[in-house]
Amino acid sequence: MYDTITVRENGKDLTFSFNDINAYHGGGFPGGVVHGLKAMQAAFPLLSDMPLERREISVLTAFSGPGGRDALEMVTRALTDGRLVVDKSIGGKDVISDHPGPYVFRFTYRGKTVQAVIKPGHVREEFVTLGAKMDKTAEDVLRHEALKAEMANRLRPLVAEQIYNASVVALDVK
């Protein structure tokens with residue numbers, strides 16, 4: 001239940017699970033896959049009571065990780081169709097101490113925008129610091145891989161609203 005999301009394509013419902021998305025992604029960044037999935041799960045119900053037509057969803061995010069990108073792409077096809085924009089300026093720095101870091105997602109559907117922002121405490125500073133380290137030792141690489149899996153395993157069973165605050169965004173109308 002917490003591992004799936006349903007959208008529509010040409011009126012046909014398509015349901016994607018974490019395992020589907022992670023397989024499409026290749027498994028290298030399962031935590032990012034979870035973040036993309038949970039952000040969509042938090043935001044989509046505020047955009048419509050029905051499954052969204054996937055090719056009508058636009059995404060603006062500060063999150064540039066490959067797992068999140070692939071989750072967004074598989075579910076919405078926004079990257080392929082040119083509806084996915086990464087803009088680091090809408091988030092904090094890529095450190096958890098500057099909340100929310102890059103974990104900000106804005107989804108627009110049929111003229112309505114919902115923003116999903118991570119709640120504090122779900123991404124560990126060690127994960128971010130180690131991920132940004134340029135000269136990783138073999139031990140660092142193993143630790144970072146373990147932290148990726150740990151984050152995915154810790155967040156997957158949670159309801160999206162436990163991880164992300166989602167709210168309708170008022171657009172500037174001039």
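Predicted model: local features only at pLDDT ≥ 70, side-chain atom pairs only at ≥ 80, totals over all residues.

Reader: Why are α1 and α3 called roughly perpendicular to each other?

Author: The axes of α1 (residues 18–25) and α3 (residues 66–76) cross at roughly 115°. The band for roughly perpendicular is 65 to 115 degrees, so α1 and α3 are therefore given that label. Their axes come within 9 Å, and the crossing is right-handed.

Reader: How do you know which residues of α1 and α3 make the contact?

Author: Contact means heavy atoms within 4.5 Å. On the α1 side that gives D20, I21, Y24 and H25; on the α3 side it gives P66, G67, D70, A71, E73, M74 and V75. By class, the residues of this contact of α1 with α3 divide into 6 nonpolar, 2 polar and 3 charged.

Reader: What makes α1 oblique to α2?

Author: α1 and α2 pack at an angle of about 130°. Roughly perpendicular covers 65 to 115 degrees and roughly antiparallel needs over 145, so α1 ends up oblique to α2. The axes of α1 and α2 are 10 Å apart, and their crossing is right-handed.

Reader: Which residues make that contact between α1 and α2, and what classes are they?

Author: F18, I21, N22 and H25 come from α1, and P30, V33, V34 and L37 from α2. The contact of α1 with α2 has 6 nonpolar, 2 polar and no charged residues.

Reader: On to the pockets. What makes a residue part of the lining of the largest pocket?

Author: A lining residue has an atom within 4 Å of a grid point of the pocket. For the largest pocket, 21 residues make up the lining, and F29, F63, G65, Y103 and F127 lie nearest its centre. Its volume is about 430 Å³.

Reader: Which elements give two or more residues to the lining of the largest pocket?

Author: Those are α2 (30–47), α3, α4 (125–132) and α5 (138–155). The largest share, 4 residues, comes from α4. The lining of the largest pocket divides into 9 nonpolar, 8 polar and 4 charged residues.

Reader: What about the second largest pocket: how much space lies in it, and which residues are closest to its centre?

Author: About 240 Å³ of space lies there. Of the 15 residues that line the second largest pocket, T4, I5, Q41, F44 and P45 are the closest to its centre. β1 (4–9), α2 and α6 (160–163) are the elements that give two or more residues to this lining, which divides into 10 nonpolar, 4 polar and 1 charged.

Conventions
Residues numbered from 1 in each chain as written. Heavy atoms only, no water. Axes fitted to C-alpha atoms, helices over the stretch in contact; angles between N-to-C directions. Parallel < 35°, antiparallel > 145°, perpendicular 65-115°, else oblique. Left-handed = near helix turned anticlockwise from the far one by under 90°. Nonpolar A, V, L, I, M, F, W, Y, C, P; charged D, E, K, R; others polar. 1 Å grid on protein atoms, 1.4 Å probe; cavity = no way out; pocket = protein on both sides within 12 Å on 5 of 7 lines; lining within 4 Å. Points joined across faces, edges and corners; volume = space filled by probe spheres on them.
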